[in-house]
Amino acid sequence: PGNRLFGLISVPLPGGLNKVFFLPFIAVIVMNWIQHRQLKEATLFPLAFCVLTGVSWYVNGKPSIFGTIQLTLVMLRCYILWYFCRLTCTFENNRQLNRWVWGYVVYIAAQFLYNILWQGGAPWPRVHPDCSGGVWGPMAGGEAHWIGYMSVFGLLLIAGWWVSVGRKARPRIRTWVILTTLVIAYNLIFMTDTKHVLVLFPFFALPLLLHPRVTARLKLSLLVAGILFLVGTTAYFHLVMGKLQMRRYINSAQNSPRVQMFYAVTGDLPYLVPYPLFGAGPGMFASPQAVEAGTPLARRYVIPYQDENRRRGYFGLHGTTASASVIGSTQSDFFILMGEYGWLATIVYYGFWIWLIVRLLQKSTQIPSENLQSGIFISLACCLIAQGILMGLVTMLIVPPLMYPIWILMGRMWDMQVGEGAPAQEEL
């Protein structure tokens, strides 16, 4: 992240490298399609989305074809990665799956060590919570929230491990798992200032609590952990914000730039574009490409607020103020879909997302509950719910560490054969 090795050493990588990163993946997928070796499930989604993109591009006066292709590839990155992993690198057994999951969880827990460094050696926000950017560094540009999102994914994966093989794990392993959970939870609650995720976390974890294959005893243990998490969250809110600041935060949300943008891409869209079903055209409303090009809708709904936040930064007004939080942002993946691709493409996109969640939960019920695959499938469904909701708040699709690990894991697990669970119980 940030062209820095391990978040510390600057690496002179070209800025456009990420734009060509997916070309080999696309080439492999296209060659398999040409040879009629398509995988089953979800092969119509990219075709439907690309057709609607083409219609949107055409009816909106044929804007830049390069920008259209670039933005569409960004929106389809996760699908490309998921499909490519299904083609080439499915896990062979639970041992490989277990090592991959815990490698990612340990990487998430290690962000706490980075945050201690950025906070001047203190395990609390001595400088400012926005400086807790983990591997991204203390740039105070929203990276602390990204660490918060990663922490949520880590906690959900640990919960999936706990409800499957965790019940039979050795006490020593359980102790390490609990300590890792406490580190990630502490980093999320007290170091990253990701208040909206703390409020939404119970909704992300609902499949774990409602899943029929999770026993009542395991659900009780998750509820106890959830109560402790809520106690820590409540203590943080009272410590940092207080009742007065919290009330101000809620009141400001009602007339925030985000609410104005939401009205623009929903009720007001028929008055802004000729074909609301197909949006304003790729790269013409709320995307970074639209802002860079200075399109009329971007100048009206996005650029003024970005200029305001930049001017506030000149006077040191940043961080936990309402205008600089998620409430004050006018860009998100949902706004890009609704405003630029239109309502039909948004339905197709989120329809695919919902289908994935349903299939993951179905797969978890077809595997013995003591098998690691069952618990991780439930966790992945929770992570997709979290990503789908957070896409309505921020632009997650352009941040690889937030999206790619979950989709790689899902792609490598999707076509796994049901294997033995014993090897995964004895190691982390």
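**Entry 1. Conventions**

I take buried to mean under 20% relative accessible area, exposed over 50%, and partly exposed in between, with a 1.4 Å probe and protein chains only. I am working on a predicted model, in which local features need pLDDT of at least 70 and side-chain atom pairs count only at pLDDT 80 or more, while totals for chains, interfaces and linings use all residues. Residues are numbered from 1 along each chain as its sequence is written, and side-chain values use heavy atoms, with hydrogens and water left out.

**Entry 2. Phe45**

I looked up Phe45 and found that it counts as buried, at 8% relative accessibility. Phe45 belongs to helix H3; helices here are DSSP runs of H or I with at least four residues, strands are runs of E with at least two, and both are numbered from the N terminus. I then listed its contacts, meaning heavy atoms within 4.5 Å. With neighbours within four places in sequence set aside, Phe45 is in contact with Leu76, Tyr79, Val348, Tyr349 and Phe352. Phe352 is 307 residues away from Phe45 along the chain, yet their C-alpha atoms are separated by 6.8 Å.

**Entry 3. The chain as a whole**

I recorded 21 helices and two strands for the chain. Of its 428 residues, 52% count as buried. Among contacts with a separation of 6 or more, 77% join residues 24 or more positions apart.

The largest one has 123 residues, of which Trp82, Phe285 and Trp407 touch the most other members. Helix H19 (residues 333-365) gives the largest share of this core, 14 residues.

**Entry 4. Helix H7 and Asn115**

I checked helix H7 (residues 111-118) and found it mostly covered, with six of its eight residues buried. These are Gln111, Phe112, Tyr114, Asn115, Ile116 and Trp118. Their cover includes helix H6 (94-109), H8 and H9. Just after H7, Gly120 takes a positive phi of about 75°.

Asn115 lies in helix H7 and is buried, with a relative accessible area of 0%. I looked for its polar contacts, each a pair of N or O atoms within 3.5 Å; within protein, one must be able to donate a hydrogen and the other to accept it, and residues adjacent in sequence count only if both atoms are side-chain atoms. A polar atom of the Asn115 side chain lies 2.8 Å from the backbone nitrogen of Gly134. Beyond four places in sequence, Asn115 is in contact with Ser132, Gly133, Gly134, Ile147, Asn187, Met191 and Thr192.

**Entry 5. The second largest pocket**

I noted a volume of about 850 Å³ for the second largest pocket. A pocket is an open set of points on a 1 Å grid over the protein atoms alone, where a 1.4 Å probe fits, with protein on both sides within 12 Å along at least five of seven lines; lining residues have an atom within 4 Å of a point. The points are joined across faces, edges and corners, and the volume is the space filled by probe spheres set on them.

I found 30 lining residues, with Thr181, Leu222, Ala225, Gly226 and Phe229 nearest the centre of the pocket. Helices H8 (143-163), H9 (171-191), H10 (195-204), H11 (206-210) and H12 (216-240) each supply at least two lining residues. H12 provides the largest share, eleven residues.

Which residue classes make up this lining: nonpolar, polar or charged? I recorded 26 nonpolar, four polar and no charged residues. Here Ala, Val, Leu, Ile, Met, Phe, Trp, Tyr, Cys and Pro count as nonpolar, Asp, Glu, Lys and Arg as charged, and the others, Gly among them, as polar.

I located Lys62 in the loop between helix H3 (44-59) and helix H4 (65-75). Lys62 has a positive phi of about 55° although it is not a glycine, and it is partly exposed, with a relative accessible area of 47%.

Thr266 sits in the loop between helix H14 (257-265) and helix H15 (269-272). Is Thr266 buried or exposed? Thr266 counts as buried, at 19% relative accessibility. A polar atom of its side chain lies 2.6 Å from the backbone oxygen of Phe262. Apart from neighbours within four places in sequence, Thr266 is in contact with Met338 and Trp343.

Leu393 is in the loop between helix H20 (372-390) and helix H21 (400-414). I found Leu393 and Thr330 to be 8.7 Å apart, C-alpha to C-alpha, and 63 residues apart in sequence. Not counting residues up to four places away, Leu393 touches His196, Leu200, Arg258, Val326, Gln331 and Ser332.

Key: A nonpolar core is a set of buried Ala, Val, Leu, Ile, Met, Phe, Trp, Tyr and Cys residues joined through side-chain atoms within 4.5 Å.
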